[in-house]
Amino acid sequence: MALAVGMRVLTRSLLRPWVRGPGATPGRTGPVAGGGDCVRCFGSPRVLVEPDPAAGFAVMKMRNPPVNSLSLEFLTEMLISLEKLESDKAFHAIIITSDCPGIFSAGLDLKEMCGRDPTHYAEYWKAVQELWLRFYLSHLVVISAINGVSPAGGCLLALSSDYRVLADNPKYAIGLNETLLGIVAPFWFKDTLVNTVGHRVAERALQLGLLFPPAEALRVGMVDQVVPEDQVQSAARSVLAQWLAIPGHARQLTKTLMRKPTADRLLKERDADIQNFVRFISRDAIQKALRTYLEKLKQKKS
Ligand SMILES: CCCCCCC/C=C/C(=O)SCCNC(=O)CCNC(=O)[C@H](O)C(C)(C)COP(=O)(O)OP(=O)(O)OC[C@H]1O[C@@H](n2cnc3c(N)ncnc32)[C@H](O)[C@@H]1OP(=O)(O)O
């Protein structure tokens, strides 16, 4: 409920023509990454959408610096942008990528799960569920152009796409590393991984909290393609052509056929999953583990 209200308010206030660059004003043209001008860009503070309606797709750039952690506001803005693209018949596909150098997404925002009250945890988890359901079941072709590291929730986002292109940089590890934080990936994270890499690889990866560097990620099927870093966007665009050449209704129905049973598991027990999350995350031992992990991240710097 709170999410629905929040989304309505944000839709009105944030989805405006978006123009990049200092001093830019809505409605004017601004420069876009990779050169050229972006006349039709729109979005919100944390999500830049570069549409190419003639080609039938848009690029959704995550820019929640420093690490694209999936805060409540950021999740909400992503959902709104996705909804806008899904409701426009000009778009058949999106490419998700990052505007934060070296980071695709650091996953769920640990600050949303630490030191807050149960009402907040419930609202946050509902938004996380919603993001996964919307991306996983989107009728659009969703391609991830993974141009940075993507642990845990960042990996889940990539796994929810139809196709993953990863930049070949040994630092750009991908995986569900929850156990390293002392937490447990919920069943729908696990199911999404199993559907991608199979049961055995998922079982080992989940228990050990493995983060796979590009060559390994390709070998186990976590990603579909590894390309030189400067080619990740162009490779994503090239592969899109193959997906868009398939009759849309047939591809969409097939996607639903493949994914709906997995999504239905969560849909059937959504409230119970929220209660479970709130109970789990509120435990003193879990709060302590998360605080320690955040502290370690800080200490790494000094
Ligand atoms: C029954 C239910 C069970 C619960 C299930 C919960 C499922 C959870 C899923 C998740 O996604 S949990 C999050 C997992 N993410 C990680 O483990 C990544 C942690 N971050 C990193 O490893 C690194 O930050 C990085 C992404 C590799 C980037 O490294 P870099 O050296 O470039 O930056 P840092 O100096 O480490 O970080 C900058 C800044 O950002 C803060 N930060 C990093 N990650 C997060 C995060 N996930 N949430 C919130 N904040 C994050 C970090 O603390 C730094 O902050 P400051 O020190 O500058 O204040």
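View 1. On a 1 Å grid over the protein atoms alone, a cavity is a set of points where a 1.4 Å probe fits but cannot get out. Rolling a probe the size of a water molecule over the atoms shows where empty space is left. The largest cavity has a volume of about 70 Å³; a volume is the space filled by probe spheres set on the points, with grid points joined across faces, edges and corners. Keep in mind that this is a predicted model: local features need pLDDT of at least 70 and side-chain atom pairs count only at pLDDT 80 or more, while totals for chains, interfaces and linings use all residues. Residues are numbered from 1 along each chain as its sequence is written, and side-chain values use heavy atoms, with hydrogens and water left out.

View 2. Lining residues have an atom within 4 Å of a grid point, and here they include Leu70, Trp132, Phe135, Ser160 and Phe189. Two elements, α3 (118-137) and α4 (153-159), each give two or more residues to this lining. The largest share, four residues, comes from α3. Helices (H or I, at least four residues) and strands (E, at least two) are DSSP runs, numbered from the N terminus. By class, the lining has ten nonpolar, two polar and no charged residues. Ala, Val, Leu, Ile, Met, Phe, Trp, Tyr, Cys and Pro count as nonpolar, Asp, Glu, Lys and Arg as charged, and the others, Gly among them, as polar.

**View 3. The largest pocket.** A pocket is an open set of grid points with protein on both sides within 12 Å along at least five of seven lines. The largest pocket holds about 1100 Å³ of space. It is lined by 41 residues, and Ala106, Leu108, Leu110, Leu181 and Tyr293 are the closest to its centre. β10 (148-151), α5 (187-197), α10 (270-282) and α11 (284-301) each give two or more residues to the lining. That lining divides into 27 nonpolar, five polar and nine charged residues.

View 4. The ligand sits in the largest pocket, where "sits" asks for more than half of its atoms to lie within 2 Å of the pocket's grid points. Around the ligand are 29 residues, and Ala106, Leu108, Tyr293, Lys300 and Lys301 come nearest; to be near, a residue needs a heavy atom within 4 Å of the molecule. The largest share of this shell, five residues, comes from α11.

View 5. A polar backbone atom of Leu110 is 2.9 Å from a ligand nitrogen atom. For Lys298, a polar side-chain atom lies 3.1 Å from a ligand oxygen atom.

View 6. Most residues other than glycine have a negative phi, and most peptide bonds are trans. The Pro65 to Pro66 peptide bond, though, is cis, with omega near 10°. Pro66 is found in the loop between β6 (57-62) and α2 (72-86). Asn68 lies in the loop between β6 and α2, and its phi is near 50°, a positive value.

Note on methods
Polar contact = N/O pair within 3.5 Å; in protein donor to acceptor, adjacent residues only side chain to side chain.
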